[in-house]
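Work through the exercises below with the sequence and the 3D structure open beside you. Try each task before reading its solution.

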Amino acid sequence: MSRTFLSKYESYSKICIQCHDNPDADALASGYALFKYYSSKGIETSLIYGGPNRITKPNLKMMCEKLEIPVEYAATLPECDLLITVDCRYGESNVTHFDAKKVAVIDHHESDRDPDDDCYIRSNLASCSTIVWDMLVQEGYDIEEDSQLSTALYYGLYTDSNAFEELFHPMDRDMRDMLKKDEELIFRLINTNLSIEELGVASRALNSQVFSDIYRYSVIEAEACDPNILGIISDFVIQVDEVDMCVAYNRNQGGYKLSVRACVPVVKANELAKFMCEGIGGGGGHINKAGGFISADCFKNHIKDYDNLTDYLRNRLYMYSTMFDIIYAKDYDIDITGMEKFVKLPVKVGYVKASDVVKEGTPILIRTLEGDVNQIVSDDLYLMIGIDGEVYPIREEKFRSSYELIDEKPEIEADYKPVIRDNVYGEFYQLKDLMKGCVTTGEVSIFARKLEKPVKVFTSWDPDKYYLGNVGDYLAVREDDMHDIYVIKGDIFDRTYDRV
């Protein structure tokens, strides 16, 4: 979809790119990228923003000056055949409406509007810069040779993800790691980002925080401010001895921006953020630091039992604190009573022997939709790629007993193509390009049961992090290793396992 979205507008002779009012670094960067793309096609292109206020923040003025971003304030719409709103869409309160012949949308904020041929929304990404970067990559646009554009996109993601602490999707992390930016300018921009007034916002928010001594959480409401301020607030609160998880939020661009923190192994901030925003927004990030966005319209229309967001967030934190069973597989004596026996169907999946890609002893990062996993390459380490692109490590002994090699390469359809990164040299490798085919032997059985209550499993092969199982997923254990306990997503289980 992203390849045709940009190229299908190349027949227009005049295109105007519009950022939201009071544009932030993400809006400016993504608008700048579109400006450069269409200008490179010989199209007369303009980049504008409207509203009552001009750009005044010193970091944004420096960004526009040093990166030569040709954004202009507009009281009226320049002559154009097509208007593209970027990092915003008409109907929201943060963008001035101009009457245009045709309007297209590129945005990453949650919306009740269904995407159509002229509306491209990826609310699972942390920044609009990431969306446009991916579009340009798919179009074959050479971003690496454009240091100014690379720096703009990098800074756009940096500011919208609270200094990369609230990255929702592996594609966000890929862009961050692959862009070749001006390090000196980024450092200068970062250190001109906050004002004395914004420090006052943080101080007032901290004085009004709500705390639970039983469930060890804190909720903090802040005034409208730069997303980085929320990160400063939540970073400060999570250092309090009595707080294990906290959420700072404010009203921002058609909804509520959340900054989420956690500091205990049984809470992942990224999963907590998703839980807080479930059904009314989106969230994600890192294990300890994450963020989210709740649509104001969705909250108003779908959440009827709460007068304000603070009460709603407090209830979600209470639910999260009390709803899970916790299993430490290494020391857990599992009771298989009531569990049925299953065997894996002969489904074609992919595998990569890690030492065929990088040498033994090399630390690698495995990047997947479920998060980043760190491993040290050994001769017996294999990486399995499942039917939905899910990736998990397996040792050679279990691999040989569970799978047969085939010549045919499997077809993997996934929202994101998983990669591994050599942490010594920084090289990236697409697992889908490297994988070979295999099929299950059917000789190893598992015991499994459908979950009626959510569970967190600390597996024996990765005991420091848990894997979440929701209602409808399956808790499974290998028949030949009663401590190899793990979670299988319900939709994957139904397609890949059969009762014995």
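The exercises that follow concern a predicted model.

**Exercise 1. A helix and its surroundings**

Task: Decide whether helix α6 is largely enclosed by the rest of the structure or largely open, and state which residues settle the matter.

Solution. 
Step 1. Locate α6, which runs over residues 170-178.
Step 2. Apply the cut-off: a residue is buried if its relative accessible area is under 20%.
Step 3. List the residues of α6 that are buried: Pro170, Met171, Asp172, Arg173, Asp174, Met175 and Arg176.
Step 4. Conclude. Because seven of the nine residues are buried, α6 is largely enclosed by the rest of the structure.

**Exercise 2. Two helix pairs**

Task: Describe how α5 packs on α6, and how α10 packs on α12.

Solution. 
Step 1. Decide what to report. Two packed helices are described by the angle between their axes and the distance between the axes.
Step 2. Take α5 (residues 147-160) and α6. Their axes cross at roughly 135° and come within 9 Å.
Step 3. Classify the angle. Angles of 65 to 115 degrees count as roughly perpendicular and those over 145 as roughly antiparallel; α5 and α6 are therefore oblique to each other.
Step 4. The crossing of α5 and α6 is left-handed. Leu153, Tyr154 and Leu157 of α5 make the contact with Asp172, Met175 and Arg176 of α6.
Step 5. Helix α10 (residues 269-277) packs against helix α12 (residues 309-322) at an angle of about 125°, and their axes are 10 Å apart. These helices, α10 and α12, are therefore oblique to each other.
Step 6. Finish the description. α10 passes α12 in a right-handed crossing. On the α10 side the contact is made by Glu271, Leu272, Phe275 and Met276, and on the α12 side by Tyr312, Leu313, Arg316, Leu317, Met319 and Tyr320.

**Exercise 3. A serine in a helix**

Task: Find the helix that holds Ser129, decide whether Ser129 is buried or exposed, and name its contacts beyond its neighbours within four places in sequence.

Solution. 
Step 1. Ser129 lies in helix α4, residues 128-139.
Step 2. The relative accessible area of Ser129 is 0%, so Ser129 is buried.
Step 3. Leaving aside neighbours within four places in sequence, Ser129 is in contact with Asp26, Ala29, Ser30, Leu153, Gly156, Leu157 and Met175.
Step 4. Compare with Exercise 2: Leu153, Leu157 and Met175 are also among the residues in the contact of α5 and α6.

**Exercise 4. Nonpolar cores**

Task: Name the residues that touch the most other members of the largest nonpolar core, and the helix that gives this core its largest share.

Solution. 
Step 1. Recall the background. In soluble globular proteins, nonpolar side chains tend to be buried together.
Step 2. The largest nonpolar core has 58 residues, and Leu34, Tyr38, Met63, Ile84 and Ile106 touch the most other members.
Step 3. Its largest share is ten residues from helix α2 (residues 25-40).
Step 4. There is also a second, separate core of 32 residues, including Ala262, Ala269, Ala296 and Leu317.

**Exercise 5. An open sheet**

Task: Give the strand order of the open sheet of five strands, its edge strands, and the pairing of β18 with β19.

Solution. 
Step 1. The order is β19-β18-β15-β23-β20, and the pairing is antiparallel.
Step 2. An edge strand pairs on one side only; here these are β19 (391-395) and β20 (403-406).
Step 3. Ignoring direction, neighbouring strands of the sheet are turned by 40° against each other on average.
Step 4. β18 (residues 381-385) and β19 pair in the antiparallel sense over five bridges. Leu383 stands opposite Pro393, and Leu381 stands opposite Arg395.
Step 5. The hairpin of β18 and β19 has five residues between the strands, and Gly389 takes a positive phi near 85° there.

Terms used. Residues are numbered from 1 along each chain as its sequence is written. This is a predicted model: local features need pLDDT of at least 70, side-chain atom pairs count only at pLDDT 80 or more; totals for chains, interfaces and linings use all residues. Side-chain values use heavy atoms; hydrogens and water are left out. Buried means under 20% relative accessible area, exposed over 50%, partly exposed in between (1.4 Å probe, protein chains only). Helices (H or I, at least four residues) and strands (E, at least two) are DSSP runs, numbered from the N terminus. A nonpolar core is a set of buried Ala, Val, Leu, Ile, Met, Phe, Trp, Tyr and Cys residues joined through side-chain atoms within 4.5 Å. Two strands pair if DSSP finds at least two bridges between them. Axes are lines fitted to C-alpha atoms, for helices over the stretch in contact, and angles run from 0 to 180 degrees between N-to-C directions. Angles under 35 degrees count as roughly parallel, over 145 as roughly antiparallel, 65 to 115 as roughly perpendicular and the rest as oblique. A crossing is left-handed if the near helix is turned anticlockwise from the far one by less than a right angle, and right-handed if clockwise. Contact means heavy atoms within 4.5 Å.
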